[in-house]
Amino acid sequence: MRTRLMSFVIAAVCLSWLAAAGAAQEKAAEKATEVGAAACAGCHAEHSENFKKSKHGKRLPAVKKIDFEKSCESCHGPGSLHAAAGGDKSNPGFATIKKTSGLPAVEVNATCLGCHKQKGIMLWGTSAHKQAGLSCLKCHSVHDGKGKAQLAKDATETCIGCHKKEGADMQLPSHHPVREGKLSCVGCHNPHGGAEGNLAKETLEDTCFQCHVNKAGPFAYEHPPVVESCATCHKPHGSVNESLLKQSQPTLCMTCHKWPHVQRANGVGALRVSGLQQRGRCTDCHKDIHGSERHVFFKN
Amino acid sequence: MKRILNAMLAGLMAAAPAGAQPSLFQSESFSVELDNKFMVFDEYKKPGMVREYDGRQYDGYDGKVDLRAYGRPFGDAIAWFDFGLAGINSHEEEGYVDAGVGSFVRLKGGYNTITHRIAFLPFVITQDGYYRTNQMMSSTIGLGGTFDEWMSIGESFAFQRKFLDLGLEVRPLDFLTLDFGYKHDFDTGKSFEVANEQSGRGVTSADYQHVNMVRNDYSVGAQAEIGGVAALAYEHVHTDFRDNSIYAELSHSNTWSTSGLDGGVYPRREHWPMVRWDQDDLRFRAHPSKSLAFTGMLSSSRRRAATSGFKALAYTGMAGASYNPSDHFSVTSKFYARGNVIRENMGYLDSANLNPGSIEQIDKSTVRWELSARHQPLSFLHVDGLYKVEYNRRRYVAAERFNTTTSGLYQDGTFITHETAQQNGTAGQDTKHIMRLGAMVVLPYDVEVEASYKRLQANRAVFENMPTWENAVDVAVNVPLPAGFSVTSAMSKSASRNKFSNLMRGHRKLDTWSVGGGWNGSRGSVGMDFSREDERYFSEGWFGLSNKYSDTSANLVTDMMRDPFMRYEAKNDVVTASGRVRLPLGLAVNGSGTYARSRANTPTFLDRFRAPGAGEDAAGQVTDLGPTDIRVQSLRFGMEWTPEKAQYLTTSFAMRFDRYRDKVEGGMNGHFKLYEAGVNAKF
């Protein structure tokens with residue numbers, strides 16, 4: 001009983017101290033006023049210069065009407081107490097600035113989303129990356145980012161930094177032209193969240209049809225796996241087999257079509273290992289395998 | 001045009017002093033970056049695979065220019081004008097423009113080219129201990145069909161995709177933005193094709209195919225902010241797609257006697273795909289507080305094939321909510337529903353002499369709900385979990401247990417012979433449950449260990465080769481070391497199986513392992529990764545023993561040979577390394593390398609096969625239905641020098657070596673070397 005009481009008292013004291021410290025910091029932050037970017041540049045010259053040249057730094061005054069002079073504090077909060085501390089970390093005023101690297105992801109993201117309301121980030125709130133606790137700064141560099149999206153690294157490099165397996169798959173013989181720089185991961189994925197996972201479109205099929213429209217149909221004769229999911233037969237990130245197939249032909253086809261060409265009175269007979277059918281791809285004859293307007297067996 | 005641009009760039013480079021601020025555009029800032037590369041290129045053997053997506057000609061000069069202006073030419077409003085061209089003189093030119101005035105109007109544009117070389121890819125089997133290639137082709141028509149001819153002709157096949165993207169953004173009111181877009185996609189060139197020459201006899205012919213496809217997208221959209229806590233975006237896209245390729249027609253005496261459609265003429269493709277597509281998309285988000293978020297989406301898609309008049313309609317809805325009061329806790333729930341309906345055009349079926357009774361398109365509905373949560377109960381422990389349930393319902397699918405010779409039961413009847421005794425129907429309904437549990441622990445010295453377990457359980461697989469059961473485990477370790485070094489390693493194992501299949505007894509195993517390390521310091525960074533993937537599929541294989549085309553069905557069925565362990569196995573090893581280090585005197589070196597080795601085999605475990613039929617090659621024991629052993633490597637090394645007294649100027653030298661080697665069939669092997677000397681100037 002005594003031990004419990006002691007624990008309770010210690011916990012209460014600790015909590016009170018934490019609350020008091022937090023309140024003091026909040027009070028200090030309340031008192032802080034804006035000092036302008038010139039004051040920030042006194043110590044953070046490199047950040048300031050990079051930001052000024054960046055796309056972010058130029059669009060802020062143009063689109064949001066926030067002059068460069070006010071831009072630092074539009075994200076980091078008023079900096080008078082931080083500036084007055086003169087780099088002395090023991091000074092309570094030093095910590096009144098919003099240092100993004102120390103902020104929770106929720107806080108960082110709320111700051112960015114205050115301005116960014118584009119269509120592409122509409123579903124961020126329930127996206128997989130947000131669920132994983134990522135902050136915008138995991139991928140984007142506010143002061144000196146690269147390209148249209150102010151990324152810290154190139155778009156593909158940013159993604160494969162975490163998604164290493166997909167990065168390795170892109171080096172395989174059959175691949176989309178990502179490693180050649182002709183496509184990037186965001187061609188198919190929306191890292192800010194989609195209706196289905198992080199796909200750019202509503203389904204995997206619609207994502208593929210962005211480029212492969214000639215496979216979209218609807219066809220008079222449809223191949224059910226095409227309607228169901230392109231991933232039934234293909235591995236979109238890379239494969240050792242041609243056309244990003246999961247397995248080589250004919251065995252890929254035989255995983256569903258157990259004994260094709262059986263019982264055809266005028267057909268080519270069963271699939272024989274010694275026969276011609278084993279020496280070529282099924283799609284050599286069933287060429288319109290994604291669907292046909294004319295032929296029940298997808299022949300040309 | 002190229003000459004004018006080159007002269008303009010050369011003039012600018014010669015005339016502009018360092019740090020110059022021209023008065024153009026009444027700019028507060030104006031910058032030009034010019035990048036000129038002079039190159040020597042050596043190519044050996046076939047380029048088709050080593051340069052699969054590389055259409056640059058590397059002929060002497062390759063230029064790039066970026067121009068940025070920023071100022072107030074129209075009063076108070078700030079305007080910007082960014083313009084760039086890359087790959088000048090490369091045959092793969094690219095360009096972009098981004099210009100705007102304040103928040104009122106913005107114009108964006110981009111132009112890109114992708115080249116895809118469609119190389120002739122041989123199909124290989126192992127027979128009597130030797131590799132044998134494409135036995136399917138005859139040389140009766142087309143460009144001829146001998147293997148060597150195709151290896152020679154096929155290497156030059158490529159098509160280019162040219163892509164133009166224009167967008168206009170107007171903001172008439174502070175809370176409202178209107179978007180107008182136009183995209184144009186034009187594919188042209190030649191691709192390799194194998195065509196069915198004589199139906200019913202398994203004889204094909206190689207030929208080339210013209211590629212000529214055009215796609216136009218027109219879009220209009222609006223975005224609105226609602227009281228600073230919510231936003232709404234709507235977009236309508238209309239797409240026109242047309243395949244204008246010229247397809248050669250093959251005429252033969254063979255007729256397709258089952259359907260009796262072709263009357264002795266066998267067109268390679270009679271109908272050219274033409275699709276009109278309309279899509280509407282409405283998205284919504286609300287953030288009533290920092291910790292609470294709601295999202296939603298409604299979309300519809302109407303796709304019409306102009307040739308057949310068939311229509312594909314799809315309606316999708318999604319709603320989600322997330323509560324995330326701090327980095328220590330979050331919970332998210334999402335609901336998703338989609339319905340697909342195909343509307344057949346019976347008139348087309350009648351006019352094309354198809355059998356309307358045999359065609360029924362699959363309609364599909366999907367409903368999915370997921371709940372995920374993340375929690376950090378202790379400073380060194382993170383846990384997360386996910387549960388997802390999905391229900392699919394399909395109408396007009398193939399009979400689930402098809403085991404008859406009556407074609408009527410196999411309503412969809414489209415992808416296997418309708419008289420088959422096969423049992424591989426598409427699932428009419430299925431329910432999937434997916435569960436994932438994960439944890440991450442931070443140990444002393446900031447060592448991080450992450451582990452997760454995923455489980456899939458379904459009552460029915462949509463196809464025979466899809467799993468109804470899957471277990472997957474992932475483990476990853478990240479060890480930070482002193483002086484900026486770190487080591488990371490990850491491993492995953494998964495096994496899946498279709499437990500409810502009567503026929504397949506198939507299962508799949510996938511193991512991956514990776515290890516990487518690197519150094520990150522103030523003067524640069526160096527990193528290296530190795531990844532291994534080991535994938536195995538097991539299933540049953542059934543092969544016929546007949547050596548005559550005209551065998552009766554009864555003979556074929558009773559004469560089947562079963563391989564209970566038909567296997568496909570693939571191993572992929574990938575090593576990548578990259579680094580960039582700044583040296584004294586403004587020097588910097590950079591390099592990167594990739595080596596990927598991919599092997600795949602489909603070993604067979606049957607006794608010696610039967611003697612060949614008339615016109616077939618000599619029979620022999622086939623021990624592998626698809627051996628592959630390909631190595632792809634790419635090495636780059638570069639040096640840069642930026643003089644301390646002329647920071648606007650960088651000179652560079654770079655070299656690149658890429659190689660593609662197929663150890664089984666080396667007909668498309670090749671490599672190239674590239675040497676570049678460059679000057680980059682920023683004003």
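A residue is buried if 20 or more other C-beta atoms lie within 10 Å of its own, exposed if 12 or fewer, and partly exposed in between, with C-beta atoms placed from the backbone.

**Before moving on**

This is a predicted model: local features need pLDDT of at least 70, side-chain atom pairs count only at pLDDT 80 or more, and totals for chains, interfaces and linings use all residues. Residues are numbered from 1 along each chain as its sequence is written, while chains are lettered from A and ligands numbered from 1 in the order in which they are written.

The model scores ipTM 0.86 and pTM 0.86.

**Stop 1: around Thr604(B)**

Stay on Thr604(B). It sits in the loop between S28 and S29 of chain B. Helices (H or I, at least four residues) and strands (E, at least two) are DSSP runs, numbered from the N terminus. Thr604(B) and Leu386(B) are 40 Å apart in space and 218 residues apart in sequence.

**Stop 2: chain B as a whole**

Of its 683 residues, 29% are buried. Two residues are in contact if their C-beta atoms, placed from the backbone, lie within 7 Å. Take the contacts in chain B between residues at least 6 apart in sequence: 60% of them join residues at least 24 apart.

The average is 80, and 74% of the residues score at least 70. Two stretches deserve a click. Over residues 198–203 of chain B the pLDDT is below 50, and this stretch has 19 contacts in the model beyond near neighbours in sequence. Residues 608–616 of chain B also stay under 50. For residues 608–616 the model has 22 contacts beyond four places in sequence.

**Stop 3: a three-stranded sheet**

Select S7, S6 and S29 of chain B. These 3 strands form an open sheet in the order S7-S6-S29, with antiparallel pairing. Strand S7 (130–133) and strand S29 (622–624) are the edge strands, each pairing on one side only. Two strands pair if DSSP finds at least two bridges between them. Neighbouring strands of this sheet are turned by 45 degrees against each other on average, direction ignored. Axes here are lines fitted to C-alpha atoms, for helices over the stretch in contact, and angles run from 0 to 180 degrees between N-to-C directions.

Zoom in on strand S6 (residues 124–127). 4 bridges join S6(B) to S7(B), and the two run antiparallel. Which residue stands opposite Thr126(B) in S7(B)? Tyr131(B) does.

**Stop 4: the end of chain B**

Go to strand S30 (residues 628–641) and strand S31 (residues 649–662) of chain B. They pair in the antiparallel sense over 12 bridges. Pick Gly638(B): its bridge partner in S31(B) is Ala654(B).

Continue to strand S32 (residues 670–682). S31(B) and S32(B) pair in the antiparallel sense over 12 bridges. Here Met655(B) stands opposite Tyr675(B) in S32(B).

**Stop 5**

Most residues other than glycine have a negative phi, and most peptide bonds are trans.

Select His91(B), in the loop between strand S3 (77–88) and strand S4 (94–101) of chain B. Its phi is near 75 degrees, a positive value in a residue other than glycine. His91(B) counts as partly exposed, because 13 C-beta neighbours lie inside 10 Å.

Next, Leu585(B). Find it in the loop between strand S27 (560–582) and strand S28 (587–601) of chain B. Phi is positive here too, about 65 degrees, although Leu585(B) is not a glycine. Is Leu585(B) buried or exposed? With 8 C-beta neighbours inside 10 Å, Leu585(B) counts as exposed.

Switch to chain A for the cis bonds. One joins Gly217(A) and Pro218(A), with omega about 10 degrees. Pro218(A) lies in the loop between helix H11 (204–209) and helix H12 (224–228) of chain A. Another runs from Gln249(A) to Pro250(A), with omega near 5 degrees. Pro250(A) lies in the loop between H12 and helix H13 (251–254) of chain A.

**Stop 6: helix H5 of chain A**

Finish on residues 68–76 of chain A. The buried residues of H5(A) are Ser71(A), Cys72(A) and Glu73(A). They pack against helix H2 (37–43) and helix H4 (55–63) of chain A. Just after H5(A), click Gly77(A): its phi is positive, about 80 degrees.

Notes. pLDDT = per-residue confidence, 0-100.
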